[in-house]
Structure formats: structure tokens, C-alpha cells
Amino acid sequence: MKISKVLYVIFILLIGTKARVSAQKTYVAAVHGVLDLRNQPINDKIELTGNWLFYWNQLINPTDTTAIKDRLLVEFPFKWSGYTWRGKKLPAFGYGTYRLKILLPQKHGELKLAMPDVYSAYRLYINKKLVSSNGKVTTSRKGFEGHWEYHAVDLPSSDTINITLQVSNFIHSKGGISKPIFIGPAERIDLARHRAEGIDLMLTGCLLMGGLFFLVYTCWAAVIKPFYFLPCSR
């Protein structure tokens, strides 16, 4: 039982470590679809939170310059499933487009964007260029393919970053994106990912060790306990 207590303590400590690692970020919020970082030192991870533009049931191309109707201002990250719009709750199955403009200092170092998995497929455009995708984005179930995988992409050296994120979902009970997107110095983004992967690996190892310990203990108890009731011969 002492071993199980030790494993439990290690598990709790690792959970706390992971929470601290994920909490190490700079907080600046976007307003009306624009995140102004021109006076913000970019020396750590920055969460792209705040008001993004969202277009329900529209796959907006990054080259579209005409006025687009029916846009919403949503607090990012944003899952559309269950969101009330025009008196009705949006279903999990559907598609939409997220947009954000980032204003950067004229001079900045090499930056990366950390793109998490979404529900359940996406195409990510940076300044009109497709830089990352997961699964196959469609407007119906036909041909749809979901996929969940983390990606990190290099950002251009421009002082203006236009993000267009197309998301569709026709397989999951949730639709949209629930995890934050980060930008930051390339080495910070890579380091944060390596740390998260290492912690996940340690947590998995602890769970496997704990499960193996209880399995061995259960088998041992099943074999040894019956001998306690055998009569003693003199």
C-alpha cells in the first residue's frame, strides 16, 4: 500500500507541473477581431484569446475581400455546438470560419504558431497561404474526414498576420475548437511542446506502473490468501 501512495503523490505532482507549464503565457485579448501586439514584447507564449470573427455555415476563403454577412464576434476558443444564435442552438454537425488579424512590432524574432487539434477537421491559412490542415474539411458528411493532431507552423516576418481557420465537424458530439492557439518565439513554442510531451509520457508511465502494481497485488492476494485458512498440522 505504501507503493500505491507514492505513485499517487507522484501523479498529483506531475498534474501540478503540467498545469504550471500550460499557465506560463502572456495574456493579451483581441478586440473586434484584431489582436494588437505592436507595443507588446513577444518573449514568451501569447494566447490568441479575445474576440474573433466567426462565420457559421460558411467556409470563407482568405482571398475574399467583399463584405461578408452573418458574422459573429465570439470569445476564442469557441465551440459552436450548443451556442444560441437567432433563437436556436447550433448543432454539433456543421462548419464555420474563424478570422483574426494580429498586429506585430515591425521588428521581431522568429515566431511560431502552436495549432491544437479541433472538432474535427480544419484548414489553417496565414496571410492567404495554407500552412496546416487536419482531416478533410467539407460542407456535408460526404467526403468528410476527421483527424486530431498538434501542429506548429512558422510565421512570416511580416508585421501583420491574418489568420483564417476553416473548421468542419460531422462525426463528433462537439463542433469547433476548445483549446487555445498560441504564438511566440520559435524556441519557446518548441520547448513548451517538448515539456508537455515529456510530462504526458511520465504520467502514462506512472499510470502503467500503478496498474501493474495493483494487478500483481491482486494476483498475489488471490494465490496467498487461501493458505491462511489451511489447518495447521502438528
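Analyst: Among contacts (heavy atoms within 4.5 Å) between residues at least 6 apart in sequence, 73% join residues at least 24 apart. The model is a predicted one, in which local features need pLDDT of at least 70 and side-chain atom pairs count only at pLDDT 80 or more, while totals for chains, interfaces and linings use all residues. Residues are numbered from 1 along each chain as its sequence is written, and side-chain values use heavy atoms, with hydrogens and water left out.

The protein has two helices and 13 strands; these are DSSP runs numbered from the N terminus, helices being H or I with at least four residues and strands E with at least two. Of its 234 residues, 39% count as buried. Buried means under 20% relative accessible area, exposed over 50%, and partly exposed in between, with a 1.4 Å probe and protein chains only.

Now the pocket itself. Rolling a probe the size of a water molecule over the atoms shows where empty space is left. Strands β3, β7 and β12 each supply at least two residues of the lining. By class, the lining has seven nonpolar, six polar and five charged residues. Here Ala, Val, Leu, Ile, Met, Phe, Trp, Tyr, Cys and Pro count as nonpolar, Asp, Glu, Lys and Arg as charged, and the others, Gly among them, as polar.

Leaving out residues up to four places away in sequence, T164 touches I60, P62, T97, Y98, R99, R123, L124 and Y125.

Two of these partners lead further. P62 sits in the loop between β3 and β4 and is buried, at 14% relative accessibility. With residues up to four places away again left out, P62 touches R99, Y125, K128 and T164. P62 and R99 are 37 residues apart along the chain, yet their C-alpha atoms are separated by 8.9 Å.

The other partner is Y98. Beyond four places in sequence, its contacts include L53 and T164, and also W52, F54, F76, I163 and L165. Y98 is also one of the residues with the most contacts inside the largest nonpolar core, along with L48, I102, L113 and I163; that core has 37 residues. A nonpolar core is a set of buried Ala, Val, Leu, Ile, Met, Phe, Trp, Tyr and Cys residues joined through side-chain atoms within 4.5 Å. Two or more core residues come from each of β1 (26–30), β3 (46–56), β4 (71–76), β7 (94–103), β8 (111–115), β9 (121–126) and β12 (160–169). The largest share, five residues, comes from β3. Apart from this core lies another, of five residues, among them Y95, V137, F144 and F170.

Some backbone features deserve a check in the model. F76, one of the contacts of Y98, is joined to P77 by a cis peptide bond, with omega about 0 degrees. P77 is in the loop between β4 and β5 (84–85). A cis peptide bond also joins Y119 and S120, with omega about 0 degrees, and S120 is in the loop between β8 and β9. H32, which is not a glycine, has a positive phi of about 50 degrees; H32 is found in the loop between β1 and β2 (34–36) and is exposed, at 56% relative accessibility.
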